[in-house]
Amino acid sequence: MSRRPVSNPLALAVLASLWERPMYPYEITTTLRERGKEDSIKLNFGSLYAIIKSLEKHGLIEEARVEREGNRPERIVYAITDAGRAEAHDWMRELIAVPIKEYPAFESGLSLIALLAPDEAISLLRERLERLDAELASRAQLAEQSDELGLPELFLVEFHYRVAMTRAEREFVAGMLERLEAGELGGLEAWKAMHELIESGATAEEIEARLAHYLAEGAADQQQH
């Protein structure tokens, strides 16, 4: 991915909002929330001003005018610049066309799941499965509401993407859970043995030796098959 002058995704949302028309900061936030963008982009009103100042510093937006209503404080209305339009367009092209390696929290947890005992991991995966089912049920209701409102699919593509990703995660978790409960997950015996040794107070050397033994046995079995 290219190095961006302002890399926070909220900055792209600001540029997209100002592409439509000049706005003041609170109006940008309200517009994004009304359109449900906080489901895809983390909206933080506190950091919004810092992002706006950074965009202005890099010449991507500029002050269009200053407004005042009654006794209220002045508010600055910002507009996108030609450089900002070019940046937003280039950024969007890259986001849509170029896959990048992301680091989801669940993937991090899976990479270190051996820290948990197998039984605890099974219990937690069941809990996650229930939460994923609840999320899918909730999103199904939202989809029905969107259909009733007659919203064009174009305005819901990120919603449908999220549903597809949640379904894929649910399928993965359900499959892993099924294999764990059936004792079919590769390396499960070594995993169990490691935690049994930990509970028995075995030394790090003993645990390492036992794991090496299991890994060697597993490699030998694979060669035989």
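Biologist: Is His-195 buried or exposed, and what is its relative accessible area?

Modeller: Buried means under 20% relative accessible area, exposed over 50% and partly exposed in between, with a 1.4 Å probe and protein chains only. His-195 has a relative accessible area of 10%, so it is buried. This is a predicted model, in which local features need pLDDT of at least 70, side-chain atom pairs count only at pLDDT 80 or more, and totals for chains, interfaces and linings use all residues. Residues are numbered from 1 along each chain as its sequence is written, and side-chain values use heavy atoms, leaving out hydrogens and water.

Biologist: Where does His-195 lie, and which residues does it touch?

Modeller: Helices (H or I, at least four residues) and strands (E, at least two) are DSSP runs, numbered from the N terminus. His-195 lies in helix H8, residues 188-200. Contact means heavy atoms within 4.5 Å. Beyond residues up to four places away in sequence, His-195 touches Ala-114, Leu-115, Leu-116, Ala-117 and Pro-118.

Biologist: Which residues touch the most other members of the largest nonpolar core?

Modeller: A nonpolar core is a set of buried Ala, Val, Leu, Ile, Met, Phe, Trp, Tyr and Cys residues joined through side-chain atoms within 4.5 Å. The largest one here has 22 residues, and Leu-18 and Leu-55 touch the most other members. Helices H1 (9-20), H2 (25-34), H3 (45-57) and H4 (82-97) and strand E2 (75-80) each give two or more residues to this core. H1 provides the largest share, 7 residues. Leaving aside neighbours within four places in sequence, Leu-55 is in contact with Val-6, Ala-11, Val-14, Leu-15, Leu-60 and Ile-61. There is also a second, separate core of 18 residues, with Phe-106, Ala-121, Leu-132 and Leu-197 among them.

Biologist: What about Ile-80: which residues does it touch?

Modeller: Ile-80 is in strand E2, and it counts as buried because its relative accessibility is 10%. Apart from residues up to four places away in sequence, Ile-80 touches Leu-15, Leu-18, Trp-19, Leu-60, Ile-61 and Arg-85. For a contrast, look at Arg-72, in the loop between strand E1 (61-67) and E2. Arg-72 is exposed, with a relative accessible area of 54%.

Biologist: At what angle do H1 and H3 pack?

Modeller: Axes are lines fitted to C-alpha atoms, for helices over the stretch in contact, and angles run from 0 to 180 degrees between N-to-C directions. Under 35 degrees is roughly parallel, over 145 roughly antiparallel, 65 to 115 roughly perpendicular and the rest oblique. H1 and H3 pack at about 70 degrees, their axes 10 Å apart, and that makes H1 roughly perpendicular to H3. Here Leu-10, Ala-11, Val-14 and Leu-15 of H1 meet Ser-47, Leu-48, Ile-51, Ile-52 and Leu-55 of H3.

Biologist: And how do the axes of H6 and H7 cross?

Modeller: The axes of H6 (residues 118-149) and H7 (residues 157-181) come within 9 Å and cross at roughly 155 degrees. H6 and H7 are therefore roughly antiparallel to each other. To sort their contact by class, count Ala, Val, Leu, Ile, Met, Phe, Trp, Tyr, Cys and Pro as nonpolar, Asp, Glu, Lys and Arg as charged, and the others, Gly among them, as polar. The contact of H6 with H7 has 14 nonpolar, 1 polar and 10 charged residues, while that of H1 with H3 has 8 nonpolar, 1 polar and no charged residues.
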